[in-house]
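Here are my notes on the model, point by point. Have the structure open while you read.

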Amino acid sequence: MAQIRIDNLRKDFGDFTAVKSSSFTIEDGEFFMLLGPSGCGKTTTLRMMAGLELPTSGEIYIDGEEVGGRRASQRDIAFVFQMFALYPHMNVRRNIGYPLRSQGASRADTRRKVEEIARLLGITDILDSPVGGLSGGDRQRVALGRAIVREPKAFFMDEPLGALDAEFREHMAEELRALHDRMGATTIYVTHDQLEAMQMGDKIVVMNHGMVEQFGVPQDLYDWPATLFVAGFLGSPPMNVLFFNGTVAEGAETLTLGGQEIAVPVTREGAKGNVALGIRPEHVHLDTEAGYRAKVIATEYLGTTQIVTLRTEHGDIKARIPSHQKVTEGETTGLRFDARKITLFNADTSQALRSAGNEGVLSLG
Ligand code: ATP
């Protein structure tokens, strides 16, 4: 079990900066997701925390102790890679027990521990099987078993489910999360999949171009994105963003959009110039009476809900509405936004405007 803190971590590869002054804290026992698009610096950050890559500057603390100078083998962590390499000439039992045996544990202790781990992972029946013929899921379980067996302070996982097909991936994600809940060991998990991050994580840090955009619990990130990038990265479809040129006065409760007054959360900060209004599709309502007009250009049936794409004078917007609500492509309707769910951004800085009562996020004051 471990608390891990990184402070102003930076990594340069020659002239290229892969990670730019990242800081965040992972609390003891948390399932922590490092999320972002390909190339944003997730793996490099994880490798620095694990001791596999030397930071250019900044500090890494495990349980309050600075570990920057220590090698991976001295940090008491376990790494689970995407390509879960197993020793092909050993059976499952010997693969899982290998880390203990190589540390000098006795045969009897290793046997007891391996059987305990196999029960935890539900693979007792394949303990004596060769690893060659195993399914992808069982190979992953064996790889996990090998990582768990040493009872490290923390697990580092880099897209561990990346090689599995979608259905199986979801099943393994649930299994991993359940395993974490039983063991309670701090886990840091790299993914580019926002759904996976939201389903599995206690906390998420969103990275982009080597920078931390935001970190917090999944729902806060989803409801109150701190930047336009986070607004667009989380959610499927993502948050709608309407850009307009205007002014949001400090303390404003409404803004004018297309000649209509729209209620917004009370802002503590004003903004002038390029302003963006963010609203999730589930908080956009179609209302023929509403003054903000839009034309239906597409509908997508999703079972209980449908996604309707609408063209407004500020760009296209998507609404998630019940599928029984009748909409016709080509018709013109009105849009109503749930005021409490709007996030306003300064479009020049990409940062969300702060609300009257809440540091960092915008909510109804
Ligand atoms: P992915 O999911 O694609 O692995 P990532 O977010 O994990 O993406 P990193 O692997 O951390 O990204 O890489 C961040 C950037 O640093 C990339 O542009 C990558 O090309 C670059 N990079 C990583 N390792 C090295 C290296 N050893 N030398 C030079 N550049 C590197």
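1. Strands first: two of them count as paired if DSSP finds at least two bridges between them. Helices (H or I, at least four residues) and strands (E, at least two) are DSSP runs, numbered from the N terminus. Keep in mind that this is a predicted model, where local features need pLDDT of at least 70, side-chain atom pairs count only at pLDDT 80 or more, and totals for chains, interfaces and linings use all residues. Residues are numbered from 1 along each chain as its sequence is written, and side-chain values use heavy atoms, leaving out hydrogens and water.

2. Have a look at β17 (residues 305-312) and β18 (residues 315-322), which pair in the antiparallel sense over eight bridges. They make a hairpin with two residues between the strands, and T312 sits opposite G315 in β18.

3. Now the inside. A nonpolar core here is a set of buried Ala, Val, Leu, Ile, Met, Phe, Trp, Tyr and Cys residues joined through side-chain atoms within 4.5 Å; buried means under 20% relative accessible area (1.4 Å probe, protein chains only). The largest such core has 42 residues, with V92, I96, I123, L144 and Y189 making the most contacts inside it. Helix α4 (residues 136-148) gives the most to this core, five residues. A second, separate core of 28 residues includes A252, L277, I279 and V308.

4. How many of the 13 residues of α4 are buried? Eleven, so to speak a mostly covered helix. Among them are G137, D138, R141 and L144. The buried residues pack against β6 (77-80), α2 (92-102), α3 (107-121), β7 (154-158) and α5 (166-183), with contact meaning heavy atoms within 4.5 Å.

Methods:
Buried < 20%, exposed > 50% of the residue type's maximum accessible area, 1.4 Å probe, protein only.
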